[in-house]
Amino acid sequence: MRVAKYFVLWFVFIWMFTGAIVGLEYIEGYKIATTEYYGLRNMGLVLVIIPIFLSSILYPVIVLPLSWLIGMIRWVRASLILYALLYAVVWAGAGAFLFYEFYEVRFIQEYELHVSIAIILFGVVGLVYAWIEWRLLHRSVTTV
């Protein structure tokens, strides 16, 4: 039964990760008004499909083992606040990393892009994902 919950979390992760990337592109990428940059304006639906494939691979390779490892630590598993804080920090770090991967330094300076948007956006998505995971995996274990 627990394995089925991880499959549900896989789809939750795919939609949340894709939503965060598209949201970042919509907020920051729309500021870039040049044909040199292939963002949401130029790529359209392809920019949604690529993160779906990327997140489909990232979940079993990175997120699932991390989730399992966090679930093994009893004092983290017991507290939603610690759980959410840990995920928010990891997601915010991923947001900062992806920000610098997506946008060249020239675009960041010329169009005044802010990495803080990516950190906040991905941090909030990390909080929501942590709450969903904690609720789905750990909360149901204590009620059985």
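**Stop one: helix H3**

Select H3, residues 46–72. Its 27 residues should span 39 Å at 1.5 Å a residue, and the end C-alpha atoms are 38 Å apart, which agrees. (The expected span is 1.5 Å times one less than the number of residues; helices are DSSP runs of H or I, at least four residues, numbered from the N terminus.)

Before going on: this is a predicted model, where local features need pLDDT of at least 70, side-chain atom pairs count only at pLDDT 80 or more, and totals for chains, interfaces and linings use all residues. Residues are numbered from 1 along each chain as its sequence is written, and side-chain values use heavy atoms, leaving out hydrogens and water.

Now zoom in on Tyr59, where H3 has a kink of about 55°, shortly before the proline Pro60. (That bend is the angle between axes fitted to the seven residues ending there and the seven starting there.) Tyr59 is also one of the buried residues of H3, which include Leu47, Pro51 and Val63; buried means under 20% relative accessible area, exposed over 50%, partly exposed in between, with a 1.4 Å probe and protein chains only.

Show residues 2–27, helix H1: its axis comes within 8 Å of the H3 axis, and the two cross at roughly 130°.

**Stop three: Leu82**

Jump to Leu82 in helix H5, residues 80–102. Leu82 has 34% relative accessibility, so it counts as partly exposed. Pick Ala130 too: its C-alpha atom is 9.8 Å from that of Leu82, though they are 48 residues apart along the chain.

Key
Axes fitted to C-alpha atoms, helices over the stretch in contact; angles between N-to-C directions.
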